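Biologist: Could you take a close look at one part of this model with me, and follow it wherever it leads?

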Amino acid sequence: MNLNQITIPSLELTKAIQFYQTLGLNLIVNSIPHYGRFECKDGNSTFSIHQVEQLPIGDGIWIYFECEELDEVVERLSSKGFVFEEMPNDKSWLWREARLKDPDNNQLILYHAGNNRLNPPWRIK
């Protein structure tokens, strides 16, 4: 199996679509007010948003986007007005991460893990 796409809920699809386009995703399906689908610039994955009347309760959804040049991406997005809750920093699990929220309060983690994404030292043999 290969992961094709993730679909997340949104209260305001137009606002969410604009957010993710500015983040750098390429909009490939625009069915406002119900659905939008994006192509990730790297790899073959897609990402979509669907309109809901109520968001899930709890911690929400955590979405990870890998960025080869994480620090430069964060700097560029910050200059466009994106507000990061956590600037790039090295984690004990050997990833470098930065965190921000989307308009629906979903947690976005921009990260770079390199070989440690699939092959951390603690990977099951």
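Which residues form a negative surface patch here?

Modeller: Happy to! The negative surface patch consists of Asp-42, Glu-68, Glu-69, Glu-72 and Glu-75. Please keep in mind that this is a predicted model, where local features need pLDDT of at least 70, side-chain atom pairs count only at pLDDT 80 or more, and totals for chains, interfaces and linings use all residues. Residues are numbered from 1 along each chain as its sequence is written, and side-chain values use heavy atoms, with hydrogens and water left out.

Patch members have over 30% relative accessible area and no salt bridge; like charges are joined within 9 Å and nonpolar side chains (Val, Leu, Ile, Met, Phe, Trp, Tyr) within 5 Å. A salt bridge is a side-chain nitrogen of Lys or Arg within 4 Å of a carboxyl oxygen of Asp or Glu. Areas are Shrake-Rupley values with a 1.4 Å probe.

One member, Glu-69, sits in the loop between β5 (62–66) and α2 (70–79); helices (H or I, at least four residues) and strands (E, at least two) are DSSP runs.

The whole structure holds nine aromatic pairs, meaning rings of Phe, Tyr or Trp (its six-membered ring) with centres within 6.5 Å: stacked if the planes are under 30 degrees apart, edge-to-face if over 60, otherwise tilted. Phe-47 and Phe-65 make an edge-to-face pair, 5.5 Å centre to centre with 70° between the planes. Because Phe-47 belongs to strand β4 (residues 46–51) and Phe-65 to strand β5, this pair ties together parts that are 18 residues apart in sequence. Both Phe-47 and Phe-65 are buried.

Tyr-64 and Tyr-111 are also edge-to-face, since their ring centres are 5.8 Å apart and their planes stand at 75°. Tyr-64 lies in strand β5 and Tyr-111 in strand β8 (residues 107–112), so here the parts tied together are 47 residues apart in sequence. Tyr-64 is partly exposed at 37% relative accessible area, whereas Tyr-111 is buried at 6%.

Ring pairs also join Phe-47 and Phe-65 into a cluster with Phe-19, Tyr-20, Phe-38 and Phe-82.

Strand β8 holds Leu-108 too, which is buried with a relative accessible area of 0%. Leu-108 and Phe-84 are 24 residues apart in sequence, and their C-alpha atoms are 9.5 Å apart in space.

Note on methods
Lys, Arg positive; Asp, Glu negative; His and termini not counted. Charge placed at Lys NZ, Arg CZ, Asp CG, Glu CD. Buried < 20%, exposed > 50% of the residue type's maximum accessible area, 1.4 Å probe, protein only.
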